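Subject: Structure handover

Hello,

Here is the structure for you to take over. My notes on what was found follow below it.

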Amino acid sequence: MPSSASVRTPTTSAETFLDHIHAFSAFGAPTAQFVEAGIPYFVNEFWTAAQRRGHSLQEISYRACFKPQLPEFFIARLTVPGDAVHDPFMGRGTTALQAALMGRRPLGNDINPLSLLLTRPRLSPPTAAQVAARLDEVPWSEGEAERAALLAFYHPETLRQLVALRAWLLRRAPLDCSAPDPVDDWIRAVALTRLTGHSPGFFSVYTLPPNQAVRIDAQIKINARRNQTPPRRDAAAIILKKTLSLLKDGPPGAHPPGCLSVGSASSTPHIGDGSVALVVTSPPFLDIVQYDSDNWLRCWFAGIEAGSVTVALHRSEADWTEMVRVVLTEQARLLRPGGHVAFEVGEVRRGTVLLERLVWQAAAGLPFERLAVIINKQPFTKTARCWGIANNAVGTNTNRIVLLRRSG
Ligand SMILES: C[S@@+](CC[C@H](N)C(=O)[O-])C[C@H]1O[C@@H](n2cnc3c(N)ncnc32)[C@H](O)[C@@H]1O
């Protein structure tokens with residue numbers, strides 16, 4: 001990761017920032033600028049995974065996550081070290097972690113408790129040696145194969161290990177514990193990312209990517225079609241291997257302490273008025289991603305009761321726009337005057353619904369200057385085609401970011 005990004009002087013004035021976007025040509029092409037439906041658009045390849053990969057700690061999978069280069073772009077240009085950066089829909093914690101990596105104060109929230117479990121330990125990770133020593137303490141052979149149906153995914157011995165690890169973690173780091181032991185917290189997060197996948201780096205037999213657990217009956221069909229039975233896997237070895245890979249770029253440097261929460265994006269009373277410099281976020285998109293059903297296996301492992309997470313699906317554009325308006329109202333409360341919101345939406349329903357226009361509309365009348373829509377063009381890649389909604393043929397191939405500036 002470039003350390004220069006974290007020390008660049010922010011272009012805090014709206015005009016300067018837009019001038020910078022207009023003049024941007026780091027990847028060769030000039031920025032295209034036009035106005036449509038009264039909205040100024042700026043289009044370019046502003047960040048690219050090919051040119052510069054994210055920090056290794058960012059490499060966990062989550063449905064509809066954005067790339068770390070997206071928050072990095074705005075954090076580098078609109079904040080300075082020490083500033084607070086918030087994401088009210090934090091998902092796997094891309095923004096919060098990027099803020100920490102760049103010396104900012106990471107704030108984040110999500111309605112799904114999984115999000116907290118995946119994000120918290122990566123803000124201050126343990127060392128690989130600590131993880132290895134703790135894995136040696138797990139009573140691996142004590143698991144009872146209580147959910148026999150999970151044998152569709154796991155070898156009986158692997159399932160026994162997972163059940164043992166799950167019970168051990170729930171005893172040592174219960175979900176309602178706000179400050180669990182960081183090594184236990186880390187092991188749980190890594191195990192959550194290894195539950196299902198399509199390589200020997202995961203606990204399961206071949207299945208969908210790790211962020212989309214299929215139902216048991218669907219997995220039984222996949223096994224029959226591929227003539228496969230779950231192979232035996234060593235859970236501790238897999239967790240350690242992924243730990244080493246996540247830690248390969250080292251821990252985040254010094255940063256102000258983070259504050260992560262579980263709840264609705266529209267109500268974050270623990271964040272003070274005017275305390276945030278920048279919000280970088282991406283809301284649930286209309287009805288296309290079922291975060292709760294995609295996550296059922298992760299919820300089981302974490303001890304999150306199925307059905308306790310209600311992630312509302314906003315099927316109509318009017319409902320969705322209203323949800324965004326309520327969330328933006330909360331962001332206006334917690335942003336300092338001159339602070340910014342970078343609100344990312346994908347391209348859904350083959351571009352027939354332009355969500356950025358709904359966000360633009362939702363912000364009307366709120367204490368924001370509506371600056372522009374910034375579109376990052378990303379050519380499809382082979383990997384991009386098969387991982388996650390952000391890359392489905394009917395999903396997103398561009399990031400569209402509505403940029404707002406808190407007035408006052
Ligand atoms: C598009 S994803 C965000 C992904 C995130 N940018 C990342 O990189 O991982 C949207 C997130 O919103 C969460 N969510 C849905 N409804 C919510 C609500 N009302 N309040 C807070 N979070 C919510 C979902 O659980 C999901 O994690």
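This is a predicted model: local features need pLDDT of at least 70, side-chain atom pairs count only at pLDDT 80 or more; totals for chains, interfaces and linings use all residues.

A polar contact here is a pair of N or O atoms within 3.5 Å; within protein, one of the two must be able to donate a hydrogen and the other to accept it, and residues adjacent in sequence count only if both atoms are side-chain atoms.

Residues are numbered from 1 along each chain as its sequence is written, and side-chain values use heavy atoms, with hydrogens and water left out.

The ligand site

One is 2.7 Å from an N or O atom in the side chain of Asp110, and a backbone N or O atom of Phe66 lies 3.1 Å from an oxygen atom of the ligand. There are 22 residues around the ligand, and Tyr62, Arg92, Thr94, Asp110 and Ala265 come nearest; a residue is counted as near if one of its heavy atoms lies within 4 Å. The shell holds 13 nonpolar, seven polar and two charged residues. In that scheme Ala, Val, Leu, Ile, Met, Phe, Trp, Tyr, Cys and Pro are nonpolar, Asp, Glu, Lys and Arg are charged, and the others, Gly among them, are polar.

The protein as a whole

The protein has 15 helices and nine strands. Both are DSSP runs numbered from the N terminus: helices are H or I with at least four residues, strands are E with at least two. Of the 408 residues, 57% are buried, where buried means under 20% relative accessible area, exposed over 50%, and partly exposed in between (1.4 Å probe, protein chains only). The protein exposes about 16400 Å², and carbon and sulfur atoms supply 54% of that. Among contacts (heavy atoms within 4.5 Å) between residues at least 6 apart in sequence, 76% join residues at least 24 apart.

Helix 8 covers residues 182-193 and reaches 17 Å from its first C-alpha to its last, close to the 16 Å expected at 1.5 Å a residue. The expected span is 1.5 Å times one less than the number of residues. Eleven of the twelve residues of helix 8 are buried, so this helix is largely enclosed by the rest of the structure. Among the buried ones are Asp184, Trp186 and Arg188, and their cover includes helix 5 (113-123), helix 7 (156-172) and helix 10 (235-246). At the start of helix 8, a side-chain oxygen of Asp181 reaches to within 2.8 Å of the backbone nitrogen of Val183.

Helix 13 (residues 317-334) has 18 residues and spans 26 Å, close to the expected 26 Å. Its buried residues include Trp320, Glu330 and Gln331. Strand 7, helix 14 (355-362) and strand 9 (398-406) are among the elements that cover the buried residues of helix 13.

Single residues

- Thr95 is in helix 4 (residues 94-101) and is buried, with a relative accessible area of 0%. Its side chain reaches the backbone oxygen of Val280 at 3.1 Å.
- His340 sits in strand 7 (residues 335-345) and is buried at 1% relative accessibility. A polar atom of its side chain lies 3.3 Å from the backbone oxygen of Gly338.
- Trp296 belongs to helix 12. A polar atom of the Trp296 side chain lies 3.0 Å from the backbone oxygen of Val214.

Most residues other than glycine have a negative phi. Ala37 is in the loop between strand 1 (32-36) and strand 2 (39-44) and counts as exposed at 59% relative accessibility. Asn227 is in the loop between helix 9 (216-226) and helix 10, and counts as exposed at 72%.

Regards

Note on methods
Accessible areas come from the Shrake-Rupley method with a 1.4 Å probe; for residues, only the protein chains shown count as cover.
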